[in-house]
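I opened the notebook to record what I looked up in this model.

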Amino acid sequence: MALAEFLEQLNQLAAEATALFDAADDAEQLEAARVEILGAKSGRFKATQKLMGAVDGSDRPAAGKRLNEVKSEIEASFKTAQDRMTSGGSAGGAPVQFDPTLPGLKPQIGRLHPITQTIEELMDIMGRLGFTAADGPEIEDERHNFEALNIPREHPARDPLDNFYLSTAQKQHEVLLLRSQTSTVQIRVMESTPPPIRIISLGRVYRPDTADATHYPMFHQMEGLLIDRHVTMADLKSVLRLFARSYLGADVHIRFRPSFFPFTEPSVEADFSWNQGWVEFGGAGMVDPNVLRAVGYDPEEVTGFAFGLGVERLCMRRHGITDIREIYKNDVRFLQQF
Ligand code: FA5
């Protein structure tokens, strides 16, 4: 048998099969058409396939290729006809009647993730306190994550076990890491802007912390930085108190505990008390003169404060979430509550 003749038969079969499937009015007719065309024993496709034995040996690869294509085409038109049955009519019965008196289907409307909602609210509160938003990259160099923040090369905070260093970057002799704190943005802003400064930066930070009820390896911080003449610790406490009252309520208390951060002097941990005991929300302090000098400011002229608060901890306290891991499980039953 000549190849052209075989291909002609195949094309004809494909066209007839499509017409037959399209003409089926219900599932029964469609099934009969399927058996007629694709039936394993005596289907027309099977019969045409057998003709391939009569095609010249050298033409058989081309014949086989087209045979497979036609089979896929026929199966696809069968699937289309089947879909038409299940969506437009009923599978095997009378077509479904549209009943305009039935109540409509309520669309599922998505909502913002609780952390996104928290971030928007925190930006709004700090905006009203006169702070504008600043941004920085999540992949940082050592200068912004450490050096300019007064964390020298031998400092334990730079330990590879406490940071996510990026190995590909190290191979190119440039040490990069996922930022471990939003304090990096302080440096970027001060490098490019003369004082006075009043910014917040809200974003993701990364630490190889083991996940537990209050720790997660990726979390968000809200960094605040205010630089001007004659700024004092009293201003820091006032801003944090105003912030806490706006976010949690007028009955919130705030306290400072002495602490240490290489980039602030003096440094404190800021705790809020609301509804129950004291909870640590972040670190804060007066910007260290070394940091001001590193960005070209004159510490005799300007002073300032900085703070870095854990956004998840704020969100958890506000909504009574007891385990930070719930926030990132992506269980809609949990997320729908916000
Ligand atoms: C810092 O990261 C400092 N950069 C804060 C700072 C900014 C101090 C400016 C002075 C001036 P600390 O490591 O304590 O500090 O983290 C701040 C807050 O982030 C913590 O109080 C906590 O609320 C939150 N936090 C820290 N680690 C985690 C974690 N693994 N999971 C969730 N939240 C965390």
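Domain bounds, as I use them here, come from an automatic or database domain assignment. I noted domain 1 at 3-86 and domain 2 at 114-136 + 189-335. Their C-alpha centres lie 68 Å apart.

The model is predicted, so I kept to its limits: local features need pLDDT of at least 70, side-chain atom pairs count only at pLDDT 80 or more, and totals for chains, interfaces and linings use all residues. Residues are numbered from 1 along each chain as its sequence is written, and side-chain values use heavy atoms, with hydrogens and water left out.

**Ligand shell**

The shell holds 25 residues, of which Q181, R207, D209, Q221 and E280 come nearest. I sorted the shell into 9 nonpolar, 11 polar and 5 charged residues. For this sorting, Ala, Val, Leu, Ile, Met, Phe, Trp, Tyr, Cys and Pro are nonpolar, Asp, Glu, Lys and Arg are charged, and the others, Gly among them, are polar.

Next I looked up the elements, taking helices (H or I, at least four residues) and strands (E, at least two) as DSSP runs numbered from the N terminus. At least two shell residues come from each of α8 (183-192), β5 (218-228), β8 (278-287) and β9 (303-310). Which element gives the most to the shell? I found that β8 does, with 5 residues.

The side chain of R207 has an N or O atom 2.8 Å from an oxygen atom of the ligand. For D209, a side-chain N or O atom is 2.8 Å from a nitrogen atom of the ligand. R313 places a polar side-chain atom 3.4 Å from a ligand oxygen. Alone, the ligand exposes 680 Å², and the protein buries 93% of that (Shrake-Rupley method, 1.4 Å probe).

**Backbone**

I checked the backbone against the rule that most residues other than glycine have a negative phi, and most peptide bonds are trans. P195 and P196 are joined by a cis peptide bond with omega about 0 degrees; P196 is in the loop between α8 and β4 (197-206). Another cis bond joins E265 and P266, at about -5 degrees, and P266 lies in strand β7 (residues 264-273). H230 has a positive phi, near 60 degrees, and sits in the loop between β5 and α9 (233-247).

Conventions
A residue is near a molecule or strand if one of its heavy atoms lies within 4 Å of it. A polar contact is a pair of N or O atoms within 3.5 Å; within protein, one must be able to donate a hydrogen and the other to accept it, and residues adjacent in sequence count only if both atoms are side-chain atoms.
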